Amino acid sequence: MIEVKNLVKKYGDHIAVDHLNFTVEKGQILGFLGPNGAGKSTTMNMLTGYISMTEGSVTINGFDIYEEPEETKKAIGYLPELPPVYPDMTVREYLKFVMDIKKVPRGARAAMLADIMARTQITDVADRLIRHLSKGYKQRVGLAQAIAGYPEVIILDEPTVGLDPMQIIEIRDLIKELAKKHTVIISSHILSEISEVCDTVMIINKGKLVVMDSVENLPKHLERQASLHLSIKGSEEKIRAALAPIASIEKLSVEGEEEGIVSLCIGTKERVDVREEVFYALAGAKCPIYQMSVDDMSLEDIFLEMTKDEGKSLNPEERLENSDTDAEEDCPYDTDTRISVEDINSEEKERED
């Protein structure tokens with residue numbers, strides 16, 4: 001459905017996106033993650049044809065985004081972080097306008113309008129001016145325009161920003177429903193949202209692909225021991241003797257002992273699952289297990305581990321709670337550096353071409 005090859009975007013001497021290669025299959029929900037300035041919005045803007053690429057190619061539904069832009073853009077529905085709504089229109093007028101732009105057949109517009117308003121739950125504000133809507137409702141209207149025309153690919157940048165908890169749940173359910181007929185790409189700083197909704201996660205850092213895999217498989221890409229925590233009835237000596245034959249155990253440390261219950265932590269190499277071996281070994285030694293839990297890494301832990309910079313502390317609040325704007329994504333320069341007039345003119349010329 002989507003194929004990206006050697007995608008590069010340069011601003012002067014700075015490489016914002018550095019030779020990205022990935023594919024997204026039909027019906028897949030891809031979570032797109034990266035710290036501020038990693039190149040997420042730049043990549044999404046190139047996928048939609050909003051900005052040009054320096055090198056590489058993007059193919060959507062079999063069409064090249066720049067060789068056949070009209071065909072590819074018919075297949076894309078896009079919700080940027082700031083919804084592209086016209087405040088002086090009513091919701092109904094705006095969605096009719098969007099369907100007109102997308103060349104939806106006139107005979108199909110009434111049914112489609114009713115459907116997308118019902119799915120995004122904006123029917124009750126259909127005849128209100130958009131300027132009078134709350135931020136959450138404006139976000140819903142933006143989502144409605146993205147799915148108008150029923151495009152094969154839907155790209156959502158921070159789709160639940162400004163919504164209350166109940167609305168967030170409803171939008172997540174809608175995204176899962178959309179995946180039955182559409183390919184969905186979501187960029188979000190809410191990592192619980194990505195882990196709950198997406199079946200595949202792609203993490204980029206400094207414009208480069210770090211990893212792309214299912215949420216379940218992401219920990220396998222980290223060189224980190226898996227930890228197993230247990231509470232066992234028995235003496236420490238007897239427990240150690242029972243577990244000694246298990247070759248995959250690299251580390252065994254006692255965390256505490258109280259009333260004949262030993263708490264310990266087992267570290268294994270290459271994230272090997274030893275729970276079954278541990279169970280049978282301790283059962284054979286007649287040391288009952290009172291509690292056993294795997295120290296699984298959350299998506300937040302994985303994200304921080306894979307995007308941390310050497311010598312630089314990565315503050316989760318700064319990385320995950322601050323919303324990255326297009327300016328932060330697309331302008332990597334500090335306050336002492338400015339993009340030259342030549343760079344700007346070159347970019348404008350590329351858009352015109």
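**Entry 1: helix H5.** I started with what covers the buried residues of H5 and found that the cover includes strand E6 (76-79), H3, helix H4 (106-119), strand E7 (153-157) and helix H6 (165-178). Helices (H or I, at least four residues) and strands (E, at least two) are DSSP runs, numbered from the N terminus. Buried means under 20% relative accessible area, exposed over 50%, and partly exposed in between, with a 1.4 Å probe and protein chains only. I noted that H5 is mostly covered, with 10 of its 13 residues buried. Among them are Gly136, Gln139, Arg140, Leu143 and Ile147.

I then looked up the span of H5, residues 135-147: from first C-alpha to last, the helix reaches 19 Å, close to the 18 Å expected at 1.5 Å a residue. The expected span is 1.5 Å times one less than the number of residues. Gly149 follows H5 and has a positive phi, near 90°.

**Entry 2: the model.** This is a predicted model, in which local features need pLDDT of at least 70 and side-chain atom pairs count only at pLDDT 80 or more, while totals for chains, interfaces and linings use all residues. Residues are numbered from 1 along each chain as its sequence is written, and side-chain values use heavy atoms, with hydrogens and water left out.

I looked up pLDDT, the predictor's confidence in each residue, from 0 to 100. The protein has a mean pLDDT of 81, and 82% of its residues reach 70 or more. Confidence is highest in helix H3 (residues 91-101), at a mean of 95, and lowest in helix H11 (residues 316-321), at 40. Over residues 310-342 the pLDDT is below 50, and this stretch has 54 contacts in the model beyond near neighbours in sequence. Contact means heavy atoms within 4.5 Å.

**Entry 3: cores.** A nonpolar core is a set of buried Ala, Val, Leu, Ile, Met, Phe, Trp, Tyr and Cys residues joined through side-chain atoms within 4.5 Å. The largest one has 47 residues, and Leu156 is one of those that touch the most other members. Not counting residues up to four places away in sequence, I listed the contacts of Leu156 as Met44, Leu79, Leu143, Ile175, Val184, Ile185, Ile186 and Ser187.

**Entry 4: two single residues.** I found Thr72 in helix H2 (residues 69-74). Thr72 counts as buried because its relative accessibility is 0%. Beyond residues up to four places away in sequence, Thr72 touches Ile60, Phe63, Asp64 and Ile65.

Ile194 lies in helix H7 (residues 191-197). Ile194 has 0% relative accessibility, so this residue counts as buried. Ile194 and Phe32 are 162 residues apart in sequence, yet 8.3 Å apart in space, C-alpha to C-alpha.
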